[in-house]
Amino acid sequence: MSAPTQQERFSFQAEVVQLLDLMIHSLYSNKEIFLRELISNASDAIDRLRFAQLTEPGLEEEGADKEELRIHVSFDKDARTITITDNGIGMSRQEVMDNIGTIAKSGTREFFQALTGDQRKDATLIGQFGVGFYSSFIVADRVTLTTRRAGLPAEEAVRWESDGRGEYALEAVERAQRGTELVLHLREGEDDLLNQHRLRTIIQKYSDHISLPIVMPQEGDEAGEETVNRASALWARPKNEISDADYNEFYKHVAHDFADPLAHLHSKMEGTYEYTLLLFIPATAPFDLWMPEARHGVKLHVQRVFIMDDTGQLMPNYLRFVRGVIDSADLPLNVSREILQSSRVVDNIRSSAVKKVLRLLKDLAEKDPEKYATFWREFGDVLKEGVAEDYSNRDEIAKLLRFTTTKSATDEPDTSLGDYVERMKEGQDKIYYLLAPTPAAAKSSPHLEIFRKKGIEVLLLGQAIDNWLVTSLPDFEGKRLQSVAQGVSDLGAMEDEAEKEAGEKAGTELSGLVERLKEALGDKVSDVRTTNRLTTSPACIVADEPDIEMNLMRRMRGSGMPSRPILEINPEHTLVRRLDGETDEQRLADWAHVLYNQSVLTLGARIDDPAEFVERLNGLLMTLADGTGEGAQETEKADTEAGSGEE
């Protein structure tokens with residue numbers, strides 16, 4: 001079937017229309033980044049051609065043997081246009097529609113939900129999302145793209161054109177050369193870009209590191225062209241020849257980010273295997289960080305030729321935020337993903353790269369805590385995954401973790417496990433933690449009462465990943481991690497004999513009440529017991545020894561309670577003491593359920609039957625308000641006896 005010859009018009013995907021509107025009306029402080037984005041796209045197209053030539057022999061005749069691979073930039077003052085041309089892989093008609101008519105990338109919905117309406121803030125978000133081709137409309141009010149995919153005949157080239165306002169036109173054209181030509185028809189007020197020196201300066205500022213030649217027509221009467229960038233792989237240069245600005249611009253190219261990275265490492269390894277690492281830690285998290293199909297950010301090169309994007313072989317999943325390049329001299333150019341999975345070379349590179357990234361983060365934490373706080377805010381929960389995923393580096397990862405604790409001045413995680421151990425009380429042999437759904441729920445939890453009284457610090461864990469974390473990290477530097485809401489309260493050497501004796505006495509005195517409460521609650525609990533962990537609250541619930549605290553809470557937030565918790569009561573609390581004298585079993589049962597449900601709520605969980613809870617509570621309040629009934633009389637009698645005892 002031959003390609004259509006007449007022009008056809010199509011509507012953009014709704015998200016593209018919204019993005020184009022943002023581009024057209026955005027308040028970029030430096031509009032010149034459009035050229036960096038377009039040159040970066042052209043470079044990617046040539047990289048993909050090189051890789052395709054290794055796997056598709058039919059493309060070889062159009063390869064580097066016939067013409068130099070390069071990017072061409074020119075301008076026309078009379079027509080008020082800027083043209084960027086590459087002889088890379090090009091696109092077919094369907095690829096043009098898929099890549100330009102729609103945004104087929106993860107995180108798109110989240111990106112648009114994050115937009116604020118503040119143009120300057122949204123410009124930053126656009127940079128984080130990565131816009132590539134659409135940046136053309138920052139300076140152009142009409143864009144014409146002509147392209148032919150390598151391997152397709154000349155008559156199957158396609159021309160795409162749009163003013164960025166909702167529709168685009170497609171038509172079949174002839175193009176002898178493979179690759180893509182992009183013509184930007186500039187907006188009014190952008191004529192300063194129609195200048196040789198201006199364009200060369202922008203290219204050298206943002207794209208000098210591109211390993212392909214970027215050429216422009218020579219000025220004046222001289223015929224021919226000149227290469228305006230250094231055209232050498234940045235990672236292959238000596239480090240003493242590379243400035244911080246060079247590294248930052250290369251990062252923006254490889255990561256499609258607008259902001260500078262937090263840190264980078266550049267290392268050339270020689271020995272059994274030879275490879276170069278140039279890796280970056282971003283300052284902001286990409287929108288697809290938590291998507292199941294989230295892309296890894298490291299690109300594999302072999303002898304400076306781009307081979308493929310990492311899919312997990314080069315960098316583990318918990319370091320998926322790392323961006324950069326790994327260039328190997330020992331892998332074959334036609335390496336496949338299957339070869340990567342069983343390659344000793346790749347195993348060696350991966351092991352070395354991971355250790356160097358973890359060392360980079362350690363140095364950042366020690367030398368620049370403010371930057372590390374930024375890193376942790378963006379990527380801390382991702383790094384926690386490494387505790388479970390990477391046993392060989394678990395201890396190093398554990399040292400990088402940061403937590404909010406009961407001694408933190410704010411909700412920001414500012415305490416390492418090393419800090420906690422240094423501040424441990426005399427006689428303390430465990431690292432205590434509390435899992436809760438939110439920081440507010442953690443700070444107000446009754447499980448912390450005895451720890452606050454004794455000045456013992458507790459880690460406050462409020463993220464979903466934290467349950468996995470504490471399950472995978474049983475100890476740190478010989479100190480066992482212990483939940484404050486699991487099992488019997490045990491402060492070891494920090495609990496004196498008098499406290500132990502008081503606790504045992506209270507348990508004996510209230511044994512009858514404990515049995516009555518247990519009978520009233522039935523299957524809701526596995527046990528009821530007195531505790532010394534409470535100082536101001538009447539009761540709390542805890543997990544039994546084999547259970548994990550957060551698992552318990554999650555089950556309670558769902559429907560039903562497959563695992564029954566333990567209700568602990570405070571023997572020193574006035575309410576508990578008065579309940580011991582309650583003779584009305586129905587009223588005692590109501591109090592038992594109210595105490596239980598209150599404890600569920602303070603855990604941050606959801607009670608099974610809110611209406612029943614409210615009905616029981618209202619009934620008890622009415623009885624107390626009326627001052628009638630046996631319970632009220634018993635309460636008055638208990639108060640009188642207590643007063644007489646005090647006298």
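Visitor: Which residue stands opposite T83 in β7?

Guide: That's V183. Before we go on, this is a predicted model, in which local features need pLDDT of at least 70, side-chain atom pairs count only at pLDDT 80 or more, and totals for chains, interfaces and linings use all residues. Residues are numbered from 1 along each chain as its sequence is written, and side-chain values use heavy atoms, leaving out hydrogens and water.

Visitor: Why are strand β3 and β7 called a pair?

Guide: Two strands pair if DSSP finds at least two bridges between them. Strand β3 (residues 81-86) is joined to β7 by 6 bridges, so the pair qualifies, and the two run antiparallel. Strand β4 (residues 140-148) also pairs with β7 in the antiparallel sense, over 8 bridges. Here T146 is the residue opposite E181 in β7.

Visitor: What makes strand β7 largely enclosed?

Guide: A residue is buried under 20% relative accessible area, exposed over 50% and partly exposed in between (1.4 Å probe, protein chains only). In strand β7 (residues 179-186), 7 of the 8 residues are buried, so the rest of the structure largely encloses this strand.

Visitor: How many helices and strands does the chain have?

Guide: There are 22 helices and 22 strands. Both are DSSP runs, numbered from the N terminus: helices are H or I with at least four residues, strands are E with at least two. Of the chain's 647 residues, 51% count as buried.

Visitor: Why are β10 and β13 said to stand at the edges?

Guide: Picture an open sheet of 5 strands with mixed pairing, in the order β10-β11-β14-β12-β13. β10 (263-269) and β13 (305-309) each have a single partner strand, so one side of each has no neighbour in the sheet. Neighbouring strands here are turned by 15° against each other on average, direction ignored.

Visitor: How do you know that strand β11 and strand β14 pair?

Guide: Count the bridges: 6 of them join β11 (residues 275-281) to β14 (residues 323-328), and these strands run antiparallel.

Visitor: Why is S343 called buried?

Guide: S343 has 9% relative accessibility, under the cut-off, so it counts as buried. You'll find S343 in the loop between α8 (337-341) and α9.

Visitor: What lies 3.2 Å from a polar atom of the side chain of S343?

Guide: The backbone nitrogen of V345 does.

Visitor: What angle do helix α2 and helix α6 pack at?

Guide: About 65°, with the axes of α2 (residues 33-55) and α6 (residues 196-206) 9 Å apart. Axes are lines fitted to C-alpha atoms, for helices over the stretch in contact, and angles run from 0 to 180 degrees between N-to-C directions. I33, L35, R36 and I39 of α2 meet L199, I202, I203 and Y206 of α6.

Visitor: What classes of residue does the contact of α2 with α6 have?

Guide: It has 7 nonpolar, no polar and 1 charged. Ala, Val, Leu, Ile, Met, Phe, Trp, Tyr, Cys and Pro count as nonpolar, Asp, Glu, Lys and Arg as charged, and the others, Gly among them, as polar.

Visitor: How close do the axes of helix α10 and helix α15 come?

Guide: Within 8 Å, and the axes of α10 (residues 369-389) and α15 (residues 465-472) cross at roughly 35°. The residues of this contact divide into 5 nonpolar, 1 polar and 5 charged.

Visitor: Why does V484 count as buried?

Guide: Its relative accessible area is 1%, under the cut-off, so V484 is buried. V484 is in the loop between β19 (479-483) and α16 (497-509). Not counting residues up to four places away in sequence, V484 touches several residues, including Y432, F451 and R533.

Visitor: What makes D590 buried?

Guide: D590 has a relative accessible area of 16%, again under the cut-off, so the word applies. D590 sits in helix α20 (residues 585-602). Leaving aside neighbours within four places in sequence, D590 is in contact with R616 and L620.

Note on methods
A polar contact is a pair of N or O atoms within 3.5 Å; within protein, one must be able to donate a hydrogen and the other to accept it, and residues adjacent in sequence count only if both atoms are side-chain atoms. Contact means heavy atoms within 4.5 Å.
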